[in-house]
Amino acid sequence: MVRDKILVIGANGQLGSVLSVALQKIFGKENVILSDIKPNPLFESHFEKIDAMVYDQIEYVVKKYSITQIYHLAAILSAAGEKYPLRTWRLNMEMMLNVFEVARKNSVSRVFFPSSIAVFGKNVARSKAIQTSFINPSTVYGISKAAGENWAQYYFDQYGLDVRSLRYPGIIGYKSMPGGGTTDYAVEIYHSAVKKEKYICYLNPDTKLPLIYMDDAIHATIEIMQTPIENIRIRTSYNLASMSLSPIEIALAIQKIHPNFKVDYYTDFRQNIAATWPSEIDDQQARKDWNWQPKYDLTQMTKIMLEQLEKKYKKN
Ligand code: AKB
């Protein structure tokens with residue numbers, strides 16, 4: 001049996017840094033090569049510097065380690081992307097196409113490509129975006145993810161490249177910080193609570209969005225990548241759901257543990273982005289095809305987030 005050799009591109013990011021450690025635990029450090037545009041002091045071994053805009057840099061590492069699977073996580077997210085629309089489009093598309101091309105030409109058997117709830121837009125049923133909802137994204141990030149989903153389908157149909165994808169909700173975890181997203185508030189709010197600071201939220205208190213605890217996001221990612229190929233029926237990207245929460249609901253959950261915690265609300269351009277996204281996602285297809293089941297709810301997540309962040313801030 002050929003052992004899988006995995007390459008993670010974007011290993012320094014919010015999801016990448018946690019997923020990399022989880023993959024190394026399962027497959028062994030020597031079988032998971034981590035990469036990003038800048039070195040990471042936390043990953044002292046099995047790290048390669050890759051600028052995913054450069055095809056040759058990806059191909060060099062794929063050949064060097066005989067890589068069989070790639071997790072391509074590097075991208076500019078929704079809020080940051082609106083500041084530099086054309087640059088975001090070029091970067092997100094070029095990096096993704098480089099990965100798909102390297103994979104196809106070097107017999108990489110499986111690729112993970114993250115999509116997002118950002119693929120949905122103004123005309124989606126906000127209360128429940130179903131798998132087959134019409135896709136009409138309002139941000140450049142969303143447009144690049146929607147195009148990426150179609151490219152994933154194309155590479156599968158034309159070349160048999162086994163690309164798998166999830167439409168992630170906003171991810172909440174204590175080990176890493178998000179950057180440049182519309183859902184970043186949902187991590188920042190916990191940090192403010194632990195630091196005993198008031199949080200200034202850039203979304204309206206009642207803006208419900210799909211969110212997911214990091215451990216659930218990790219287990220969904222690993223599960224879809226390990227599912228037998230015949231069970232993967234969606235070749236664009238699977239809707240993935242867990243919680244559907246608003247800032248006020250998270251604030252109230254935090255106040256049960258930190259009664260003096262305060263939040264003020266001053267909306268900015270990110271409110272307009274959030275207003276185009278669904279508040280809830282229907283993920284029946286993922287549940288049916290590969291038994292997806294989230295484990296964490298708001299109460300469990302809040303307890304873990306606050307406990308772990310207390311420990312983190314005490315140490316520093
Ligand atoms: C963002 O807010 O841009 C991301 C996402 C939902 O894809 N967290």
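A: Leu77, Ser78, Ser116, Ile117, Tyr141, Gly170, Gly181, Thr182, Thr183 and Trp277 surround the ligand, where a residue is near a molecule if one of its heavy atoms lies within 4 Å of it. This is a predicted model, in which local features need pLDDT of at least 70 and side-chain atom pairs count only at pLDDT 80 or more, while totals for chains, interfaces and linings use all residues. Residues are numbered from 1 along each chain as its sequence is written, and side-chain values use heavy atoms, with hydrogens and water left out.

Q: Which polar atoms of Ser78, Thr182 and Thr183 lie by the ligand?

A: A polar contact is a pair of N or O atoms within 3.5 Å. Here a polar side-chain atom of Ser78 is 2.5 Å from a ligand oxygen atom, a polar backbone atom of Thr182 is 2.7 Å from an oxygen atom of the ligand, and a polar side-chain atom of Thr183 is 2.9 Å from a ligand nitrogen atom. The protein buries 93% of the 260 Å² that the ligand exposes when taken alone, by the Shrake-Rupley method with a 1.4 Å probe.

Q: Where does the ligand lie relative to domain 1 and domain 2?

A: Domain bounds come from an automatic or database domain assignment, which gives domain 1 (6-170 + 212-239) and domain 2 (173-210 + 242-281 + 295-315). Both domains give residues to the shell around the ligand, so the ligand lies between them.

How values were computed
A polar contact is a pair of N or O atoms within 3.5 Å; within protein, one must be able to donate a hydrogen and the other to accept it, and residues adjacent in sequence count only if both atoms are side-chain atoms.
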